[in-house]
Amino acid sequence: MVPHGTSRTAEELTTANNEALKGAAVGAAKFGIITAILGLSGTVFSPVYRSLTIQFKVFIQMSGMTLGGWIEADRRFRAWEGMRVREKRRERALERDEGVWKEWERLVEVKGKERDGGEEGKAK
């Protein structure tokens, strides 16, 4: 979930969409194979399944594929979103560390100038 007040760029949205589409295709294929196997076994072993109309059998097959596509698309999108959150946290941490490092460098320069200035005053 996107925290309130954050926005996504068009590139991020396109990437998220592509990842969800890939997940939907993979999930539909996986669950399509599973429901096809179940349909074949139903045809062989179940007189009730054999008595169903072809339209209802197609509906059952498509329902399985839709469910699989939905589940896999959601899983992939959540994985992508988690990866983006970790990347953003890492970027913020690097920016924070860079700021601390620059502050330390500034302090070292100031101390060095104070020390150099103090020694020059004693030499005179």
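Modeller: Asp74 and Arg78 sit 4 residues apart in helix H3, about one turn of the helix; helices are DSSP runs of H or I with at least four residues, numbered from the N terminus. The two side chains form a salt bridge with the closest N and O atoms 3.1 Å apart, the term meaning a side-chain nitrogen of Lys or Arg within 4 Å of a carboxyl oxygen of Asp or Glu. Asp74 is partly exposed at 33% relative accessible area, and Arg78 is exposed at 52%. Here buried means under 20% relative accessible area, exposed over 50%, and partly exposed in between, using a 1.4 Å probe and protein chains only.

This is a predicted model, in which local features need pLDDT of at least 70 and side-chain atom pairs count only at pLDDT 80 or more, while totals for chains, interfaces and linings use all residues. Residues are numbered from 1 along each chain as its sequence is written, and side-chain values use heavy atoms, with hydrogens and water left out.

The whole structure has 10 salt bridges. One of them joins Glu12 and Arg84, with 2.4 Å between the closest N and O atoms. That pair links distant parts of the chain, 72 residues apart: Glu12 is in helix H1 (residues 10-45) and Arg84 in helix H3. Both Glu12 and Arg84 are buried, Glu12 at 11% relative accessibility. Glu12 also meets Lys88 in a salt bridge at 3.5 Å, N to O. Lys88 lies in helix H3 and Glu12 in helix H1, so this pair ties together parts 76 residues apart in sequence. Lys88 is partly exposed at 34%. Together with Glu87, the residues Glu12, Arg84 and Lys88 are linked in a network of salt bridges.

Key:
Helix = DSSP H or I, 4+ residues; strand = E, 2+ residues; numbered from the N terminus.
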